[in-house]
Amino acid sequence: MIMNSGSQRVIGADGENRPADDEPIEVVVDANDVVEDVSVERIELFTLHKPASGRNGHNGSIDSDTHNGIQDLDACEEVLGYHFADRELLQKALTHSSSTSDKRMDNERLEFFGDAVLDLVVREYLYHNYPNRQEGDLTEAKSAIVCRDALVRAAKRIGLKRFLHLGRGIGKRRGVPESLLADAFEAVVAAVYLDGGYQQVRDFILLALGEEIPNAIDQASSTNFKSNLQKLLQQRKRPLPVYRVLGATGPEHSRVFQVAVLIEGEEMGRGAGSSTKAAEQEAARLA
């Protein structure tokens, strides 16, 4: 509707001038039409806006203050050695919760799942490739391979940090926290598994963590005194050792545990450590 404010008359849909007290009629005007001899009080234009969209339907906007952001998923796929069918999984894996208010778009759920996938793949690999190793050695090696420090090293070898989508200010003073690198690596593991299946994620994990595995096996063999003591007793056909916690001293945040190891009821060693496991290892070493 177009109103002439001077004469209080309106131009109707049929082009006729009529008094303003007639009921207004909505008029659709073509953009090419020319309206002449009318003093226009107000014209409201209604337009349909199509939101700008990036790949996978997201707005594609990146916080310019993030640590390099998710700017090139192609490059990220290249360093991972895996190309995603569903790139939204990769984008989620690289998105820290500090950079989004939508919990469905951060990597925390993927991190939770990736931890289990990582554990399974490493256990399966150790089981099949080290058939002569005892359970204690395999457990010790697995723990070393999937520990935070090992995941951080793997993330750094890949160069994962430059693809992370972080909130404002994170990493500016002291660098990106290593815990975020480890979490992101686990999230990427989950994303690869969900996108490509077990064989694909197995290949990715073994390539990324390949340097950690032999070192972990060697370390487990030399420092797992509990396992070594058990092997020795089995060779001599003696009963397995029994570990007994004798007590703990010190403040709550810095406890020292005392553990004794008994063989056939006789105490053969007594160790101390910041955890019962560390104390058991020391006791077994002395035995």
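Colleague: Where is the place of glycine 159?

Modeller: Glycine 159 sits in the loop between α5 (148-158) and α6 (178-196). Helices (H or I, at least four residues) and strands (E, at least two) are DSSP runs, numbered from the N terminus. Bear in mind that this is a predicted model, where local features need pLDDT of at least 70, side-chain atom pairs count only at pLDDT 80 or more, and totals for chains, interfaces and linings use all residues. Residues are numbered from 1 along each chain as its sequence is written, and side-chain values use heavy atoms, with hydrogens and water left out.

Colleague: Is glycine 159 buried, exposed or partly exposed?

Modeller: Buried means under 20% relative accessible area, exposed over 50%, and partly exposed in between (1.4 Å probe, protein chains only). Glycine 159 has 22%, so it is partly exposed.

Colleague: Which residues of helix α9 are buried?

Modeller: Start with the general idea: an α-helix has 3.6 residues a turn, so residues three or four places apart point the same way. In α9 (residues 225-235), the buried ones are Ser227, Leu229 and Leu233. Seen down the axis of α9, they fall within an arc of 160 degrees, so they line one face of the helix. That arc is taken from the directions from the helix axis to the C-beta atoms.

Colleague: What do the buried residues of α9 pack against?

Modeller: Their partners are α4 (135-145), β4 (242-249), β5 (256-263) and α10 (276-286).

Colleague: Which residue just after α9 takes a positive phi?

Modeller: That is lysine 237, with a phi of about 55 degrees, although it is not a glycine. Lysine 237 lies in the loop between α9 and β4 and is exposed, with a relative accessible area of 75%. Glutamate 264 also has a positive phi of about 55 degrees without being a glycine. You'll find glutamate 264 in the loop between β5 and β6 (266-273), exposed at 54%.

Colleague: Is isoleucine 205 buried or exposed?

Modeller: At 1% relative accessibility, isoleucine 205 counts as buried. Its place is in helix α7 (residues 198-208). Leaving aside neighbours within four places in sequence, isoleucine 205 is in contact with Val117, Leu118, Val121, Val122, Val189 and Gly210.

Colleague: What lines the largest cavity?

Modeller: On a 1 Å grid over the protein atoms alone, a cavity is a set of points where a 1.4 Å probe fits but cannot get out, and lining residues have an atom within 4 Å of a point. Grid points are joined across faces, edges and corners, and a volume is the space filled by probe spheres set on the points. Here, two cavities of 30 Å³ or more are counted, and the largest holds about 50 Å³. Its lining includes Leu94, His96, Asn107 and Asp183.

Terms used: Contact = heavy atoms within 4.5 Å. 1 Å grid on protein atoms, 1.4 Å probe; cavity = no way out; pocket = protein on both sides within 12 Å on 5 of 7 lines; lining within 4 Å.
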